[in-house]
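Reader: Hi! Please walk me through this one, and I'll jump in with questions as they come up.

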Amino acid sequence: MAGGRPRAFDSDLALDRALEVFWRQGYEGTGISDLMKAMGINNAPSLYNAFGNKEQLFSKVLDRYAEGPARYIREAFDQPTARAAVEALLHGAADATTDPDHPRGCITVQGALACSPGAQAARDELVARRAAGETALRERLRQARSSGELPTGTDPDRLARYFTTIYQGIAVQAAGGTSREHLHQIVETAMTAWPQRADA
């Protein structure tokens, strides 16, 4: 059979390999040739036919990341209380960002921290995904205040910004080489800021 991709091509495996490259090198630091080599694709047209352009591939990779290495985020929101959700989110981040099977840090935090105007669309997508995470956390905290888990005077917006900043800081610290143990200690310190009800 001439041309095209071989029948044995595994698109999930190819996306996992693309994820590793983007995660390690950032959006702008990753070239099409890097992606083709990692994904086992021989020419650029085959890559574009299978996954779209670099920007579209990056978006697919971010979805793959959310379903794979970052699935702890979704699992954290399944916790029965808001406090347990935040603890699971932060401890999960400490584990995920130091997983020896993957690059250190978080692709959505460091994937496009600095980029040229040509990479603006990728940066905008990462900013939007991070904002969506903070919005989800804010809603969870608002529910916790309404249900009485948090004191009436709690500001969910402020609390969400605080824990989002801790969450993103964990990823930056992990990328810089901070140990998993120290990151878990940071989480424990951060949780002391959790508002206490007077009757608790």
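Reader: Let's start with Ala76: buried or exposed?
Author: Ala76 counts as buried, because its relative accessibility is 1%. Buried here means under 20% relative accessible area, exposed means over 50%, and partly exposed is in between, with a 1.4 Å probe and protein chains only.

Reader: Before I go on, what sort of model is this, and how are the residues numbered?
Author: It's a predicted model, where local features need pLDDT of at least 70 and side-chain atom pairs count only at pLDDT 80 or more, while totals for chains, interfaces and linings use all residues. Residues are numbered from 1 along each chain as its sequence is written, and side-chain values use heavy atoms, with hydrogens and water left out.

Reader: Thanks! Which element holds Ala76, and what does Ala76 touch?
Author: Ala76 sits in helix 5. Helices are DSSP runs of H or I with at least four residues, strands are runs of E with at least two, and both are numbered from the N terminus. Setting aside neighbours within four places in sequence, Ala76 contacts Ala85, Ala88 and Leu89, where contact means heavy atoms within 4.5 Å.

Reader: Which lining residues are closest to the centre of the largest pocket?
Author: Of the 21 lining residues, those are Ile73, Arg129, Arg130, Gly133 and Tyr167.

Reader: Which helix gives the largest share of that lining, and what's the make-up by class?
Author: Helix 8 does, with 7 residues. Helix 4, helix 5, helix 8 and helix 9 each supply at least two. By class, the lining has 11 nonpolar, 4 polar and 6 charged residues. Ala, Val, Leu, Ile, Met, Phe, Trp, Tyr, Cys and Pro count as nonpolar, Asp, Glu, Lys and Arg as charged, and the others, Gly among them, as polar.

Reader: Staying with helix 8, why does Arg138 count as buried?
Author: Arg138 lies in helix 8 and counts as buried because its relative accessibility is 19%. Leaving out residues up to four places away in sequence, Arg138 touches Pro156, Asp157 and Ala160.

Reader: How about Thr97, where is that one?
Author: Thr97 is in the loop between helix 6 and helix 7. Thr97 is buried, with 2% relative accessible area. Beyond four places in sequence, its contacts include Arg104, Cys106, Ile170 and Leu183.

Reader: New topic: which residues of helix 2 are buried?
Author: Leu35, Met36 and Met39. Those buried residues fall within an arc of 100 degrees seen down the axis, so they line one face of helix 2; the arc is that of the directions from the helix axis to the C-beta atoms. On the other side of helix 2, Ser33 and Lys37 are exposed.

Reader: What do the buried residues of helix 2 pack against?
Author: Helix 1, helix 3 and helix 4. Just after helix 2, Gly40 takes a positive phi of about 70 degrees.

Reader: And helix 3, which of its residues are buried?
Author: Ser46, Leu47 and Phe51. They cover an arc of only 100 degrees around the axis, which puts them on the same side of helix 3. Helix 1, helix 2 and helix 4 are among what covers them.

Reader: Last one: what does UniProt annotate for residues 15-59?
Author: An unreviewed UniProt entry gives "domain: HTH tetR-type" for residues 15-59. UniProt positions follow the numbering used here, feature names are shortened, and annotations may be inferred rather than shown by experiment. In the model, that span is 73% helix and 0% strand, and its end C-alpha atoms lie 11 Å apart.

Methods:
1 Å grid on protein atoms, 1.4 Å probe; cavity = no way out; pocket = protein on both sides within 12 Å on 5 of 7 lines; lining within 4 Å.
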